[in-house]
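The following paragraphs guide the reader through one protein model, from its overall make-up to a few individual residues. Please keep the sequence and the structure in view while reading.

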Amino acid sequence: MDPLVSAARNNSPDRRRPSAVSIRDVAKRAGVSIATVSRAVNHIPTVNEALAKRVWKAIDEVGYLPNTQARALVSGRSRILGLIVSEITNPFFPELVQEFDNLAVAQGYEVLIGSTNYEPARTESLVQRMLQRNVDGVAVMTFGIEEDLVQKLVEREFPLVFVDAGPDLPNIRVLKVDYGEGIRQGVQHLAALGHRQIAFISGPLRLRSAVARRDAFVKSMAELGLTVPCEHIVEGSHTMESGIGAMERLTAANEVPTAVMCSNDMTAIGALHALYRTTHHVPEEISVVGFDDIHLAQFMLPPLTTVQMSCSHLAAAAVEALRAGIERDHPKSGTKEWRIPTRLVVRQSTAFPRGTLPARVQGAAAMRIGNEAG
């Protein structure tokens, strides 16, 4: 035989392809029936836990890859969860996606992820793609419900999870973020330091979550007997760029605030950047507080004081809420709301207001230590 022909045959895809491993090989390896393997692969709860572990060990040993489409035909479920987020440029959302994916995969689900970028056309295309993939349920983690999106999903009558608010329908569950408590802690922290001129940079006020955070700020200030001038509430867009622009407006005002709360950490990071280019040092001249507690917050200079909304807690609640709507025997199938707590994390971007006695004492002490070190 021609050597070139022989080499071509030996290197053909058919020669390189390993022999297929079937469900029968798994059953033989585990010492169980094919039906038992099928039930374990499809996560049927009646399968004994020890037996299921034996099956999955055998699957790993023989290298069997379950056919997800065939499983969906048998079980009537795709075991795919849809996850819709607003954007992926904000570090909060990649952190949320990672936590959600880790939890879903550990519980036998795959995840189909999409980002709307706040664009209606992109949102519609994304929803259609998820419906075509026959997802078992969708978590809409956009922190601001887009009505067209809601309607398209609700019409399909499958499990849905929303953040903040959702239609009052049987298979819809809502994750209620406690914005009020986190914002209140932030305002009280600043007030305890002595701040009275506290400004707020909101998110885009077309989003319910942004309105909720702004309203929580105004209410928390009122509880302390403090009023907020109109020029001290500036609308942003939850981006660093909007944080820069908003802070430039605040520092150009006739009455510059001594502290600023921000609707999210990206806005706060932009505010820090804007202040870095001025004579208003943080926290000596202006204190800054964020919201979210993204991983980057602790590495800012100075490290950012912020209200934590835990990505791991939010992702765990979203996965559990979806499973509660999908799995008939889920222990929380009757639960409609999940509360997401918030809490203040104090770092170095907040301090006593400029000109106050505690600030002067602290500054003098720092100067004395510096001179002694020199």
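A residue is called buried when its relative accessible area is under 20%, exposed when that area is over 50%, and partly exposed in between. N134 has a relative accessible area of 46% and is therefore partly exposed. This residue is placed in the loop that runs between α8 (120–132) and β3 (137–141). Although N134 is not a glycine, its phi is positive, at about 60°.

The model under discussion is a predicted one. Its secondary structure consists of 15 helices and 12 strands. The protein has 374 residues, of which 47% count as buried. Among the contacts with a sequence separation of 6 or more, 69% are between residues 24 or more positions apart.

The interior may be considered next. In soluble globular proteins, nonpolar side chains tend to be buried together. Here the largest nonpolar core has 70 residues, and the members that touch the most others are F100, M141, L175, M261 and V288. Helix α14 (residues 311–326) supplies the largest share of this core, with 10 residues. Another core, of 14 residues, lies apart from it and includes I80, L131, L160 and F162.

Which residues are in contact with L175, leaving aside its neighbours within four places in sequence? They are M141, V161, F162, V163, D164, L314, A317, A318, A321, W338 and I340.

Two packed helices are described by the angle between their axes and the distance between the axes. For helix α7 (residues 92–106) and α14, the axes come within 8 Å and cross at roughly 45°. This angle makes α7 oblique to α14. On the side of α7, the contact is made by F92, E95, L96, E99, F100, L103 and A104. On the side of α14, the residues that take part are C311, S312, L314, A315, A316, A318, V319 and L322. The crossing in which α7 passes α14 is right-handed.

A further pair is formed by helix α3 (residues 23–30) and helix α4 (residues 34–41), whose axes come within 9 Å and cross at roughly 105°. Angles of 65 to 115 degrees count as roughly perpendicular, and α3 and α4 are therefore roughly perpendicular to each other. In this pair, I23, R24, V26 and A27 of α3 meet I34, V37 and S38 of α4.

Is H189 buried or exposed? Its relative accessible area is 16%, so H189 is buried. The residue belongs to helix α10 (residues 179–193). Not counting residues up to four places away in sequence, H189 touches T305, L344, V346 and T350. With T350 there is a polar contact between the two side chains, at 2.9 Å.

V346, one of the residues that H189 touches, lies in the loop between β12 (343–345) and α15 (357–373). V346 has a relative accessible area of 48% and is therefore partly exposed. Apart from residues up to four places away in sequence, V346 touches H189 and T305. V346 and V307 are 39 residues apart in sequence, while their C-alpha atoms are 8.5 Å apart in space.

H238 is a residue other than glycine, yet its phi is positive, near 65°. H238 counts as buried because its relative accessibility is 9%.

P283 is found in the loop between α13 (265–276) and β9 (287–292). The peptide bond from L301 to P302 is also cis, and its omega is near -5°. P302 has its place in the loop between β9 and β10 (305–308).

How values were computed
Residues numbered from 1 in each chain as written. Predicted model: local features only at pLDDT ≥ 70, side-chain atom pairs only at ≥ 80, totals over all residues. Heavy atoms only, no water. Helix = DSSP H or I, 4+ residues; strand = E, 2+ residues; numbered from the N terminus. Buried < 20%, exposed > 50% of the residue type's maximum accessible area, 1.4 Å probe, protein only. Contact = heavy atoms within 4.5 Å. Polar contact = N/O pair within 3.5 Å; in protein donor to acceptor, adjacent residues only side chain to side chain. Core = buried A, V, L, I, M, F, W, Y, C linked by side-chain atoms within 4.5 Å. Axes fitted to C-alpha atoms, helices over the stretch in contact; angles between N-to-C directions. Parallel < 35°, antiparallel > 145°, perpendicular 65-115°, else oblique. Left-handed = near helix turned anticlockwise from the far one by under 90°.
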